[in-house]
Amino acid sequence: MTFQARPLRLSTQQDDFEAQFQKRLHWSAETDTEIEQRVADILKAVAQEGDAAVLGFTARFDGLPATSVVQLELTQAELKAAFDGLPEQQRNALQQAAARIRSYHQAQKKASGESWSYRDEDGSLLGQKVTPLDRVGIYVPGGKAAYPSSVLMNAIPANVAGVQEIIMVVPTPRGEKNPLVLAAAYVAGVSRAFTIGGAQAVGALAYGTATIPKVDKITGPGNAYVASAKKRVFGLVGIDMIAGPSEILVLADGSTPADWVAMDLFSQAEHDELAQSILLCPDAAYIDAVQEAIDRLLPTLPRAEIIAKSLNGRGALIHTRSMQEACEISNRIAPEHLEVSSHEPHRWEPALRHAGAIFLGAYTSESLGDYCAGPNHVLPTSGTARFSSPLSVMDFQKRSSIIEVSADGAQKLGPIAHILAEGEGLQAHGQAAVLRLR
Ligand SMILES: NC(=O)c1ccc[n+]([C@@H]2O[C@H](COP(=O)([O-])OP(=O)(O)OC[C@H]3O[C@@H](n4cnc5c(N)ncnc54)[C@H](O)[C@@H]3O)[C@@H](O)[C@H]2O)c1
Ligand SMILES: N[C@H](CO)Cc1c[nH]c[nH+]1
Ligand SMILES: [Zn+2]
């Protein structure tokens with residue numbers, strides 16, 4: 001079967017550009033009420049029945065029957081055996097990717113994940129103490145595809161942060177374990193791993209069951225069931241973000257081979273029919289060349305059907321007046337991945353304010369970032385890059401303020417606190433400060 005992909009062609013000069021553009025962008029995690037209801041029911045059952053509910057849903061949704069959740073745990077020996085059994089090429093690739101991701105996150109910890117303090121002129125000590133979370137749950141998607149790279153991207157920053165226990169959950173439909181996923185868990189330092197997924201896995205991590213320990217925070221991407229479950233358990237546990245379908249925006253000046261750009265658009269479209277790939281470019285002839293490359297290259301790909309659905313339903317090739325205008329539109333979209341496919345990427349980078357990750361220059365394909373450049377591939381989607389950031393070491397830490405007021409400092413701060421406390425009608429607050437005045 002052959003598939004055709006015709007992303008919507010738009011020009012910023014057409015009269016109805018704004019309306020068409022908004023229509024194409026529109027997607028909200030909005031709540032398919034059937035999914036919401038099902039997730040609420042699953043979570044309630046897991047909270048009340050624990051392991052028994054997890055077993056029931058795993059048999060039903062993943063076709064994986066078991067009589068005890070203990071049977072669904074992957075032992076450390078099994079993880080190591082998977083690693084040892086990999087072909088050498090895969091073992092090396094996994095280790096090289098892990099090393100780069102580790103180095104990046106170690107640098108991140110040094111730059112913004114360490115404790116700090118200073119003494120003011122009265123000798124008072126003020127600072128911030130950074131502590132790793134005790135136990136986290138990482139969700140690794142596994143319904144339609146296996147994601148060893150997501151194991152690395154979640155477990156390594158947790159490990160670098162100093163988290164003691166990393167509990168991984170990963171669905172294994174029909175019990176088919178992916179050796180690379182297991183090996184990645186071994187390489188990344190996962191403490192325990194269970195072959196469960198969906199809302200039931202999120203519920204098990206949030207509430208704890210007889211076999212699965214309750215965690216402090218759940219991170220990692222997943223489908224609509226996973227996203228909805230994470231939203232519902234937030235508050236009882238921490239979560240990283242609510243991830244929507246993958247996105248790529250390519251900002252091109254026409255200097256990159258059109259085939260490269262077409263393949264980059266495919267690379268996110270192949271994740272999901274709902275993924276969004278957009279090209280912004282001031283050169284109409286170049287946009288034609290990219291469409292021609294799409295037509296020629298699509299039939300060569302096994303996931304052509306998913307790509308075609310994604311590009312036809314949500315993709316766009318937008319002709320802009322200039323690169324400057326392309327940057328402005330990109331900022332409005334705030335994409336998950338932004339490629340600046342230009343011979344002068346550093347000219348445009350300062351103008352780009354909102355994106356999960358910015359890939360500079362023709363040689364920086366987004367896919368390198370997905371696997372092995374080093375930065376995290378769990379990124380804000382659906383415009384949330386306007387206010388949120390990639391998964392990081394800081395997601396696996398928390399901060400406590402440190403305050404040590406010296407005797408001299410108490411003389412200075414006491415009167416201030418007293419006046420403000422009186423203003424709030426909180427006399428004990430004020431007196432606690434006054435009692436310390438000489
Ligand atoms: N942002 C990222 O970094 C990133 C990385 C990898 C994958 N992803 C995305 O994560 C998603 C993964 O989705 P997936 O489906 O492949 O795997 P998944 O692990 O998220 O979901 C599979 C689970 O969904 C549950 N489920 C499926 N149908 C159900 C039903 N009818 N009722 C109740 N539960 C049901 C099952 O419990 C199953 O175990 C994709 O959209 C992919 O693009 C994102
Ligand atoms: N692009 C995805 C995040 O949007 C991450 C990923 C994993 N494997 C391949 N890609
Ligand atoms: Zn990807």
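How many bridges join β6 to strand β7 (residues 192-194)? The count is 3, and the two strands run parallel. This is a predicted model: local features need pLDDT of at least 70, side-chain atom pairs count only at pLDDT 80 or more, and totals for chains, interfaces and linings use all residues. Residues are numbered from 1 along each chain as its sequence is written, with chains lettered from A and ligands numbered from 1 in the order in which they are written.

**View 1. Strand β6 and its partners.** Strands here are DSSP runs of E, at least two residues, and helices are runs of H or I, at least four, numbered from the N terminus. Two strands pair if DSSP finds at least two bridges between them. β5 (residues 135-139) pairs with β6 in the parallel sense over 5 bridges. G137 stands opposite I167 in β6. I167 also has R192 of β7 as a bridge partner.

**View 2. Burial of β6.** Of the 5 residues of β6 (residues 165-169), 4 are buried, so this strand is largely enclosed by the rest of the structure. Buried means that 20 or more other C-beta atoms, placed from the backbone, lie within 10 Å of the residue's own.

**View 3. The open sheet.** 6 strands form it, in the order β1-β12-β11-β10-β13-β14, with parallel pairing. β1 (8-11) and β14 (357-360) stand at the edges with a single partner strand each, so one side of each lacks a neighbour in the sheet.

**View 4. β11 beside β12.** Strand β11 (residues 276-281) runs parallel to β12 (residues 316-319), joined by 4 bridges. L280 has I318 in β12 as its bridge partner.

How values were computed. Buried ≥ 20, exposed ≤ 12 C-beta atoms within 10 Å, placed from the backbone.
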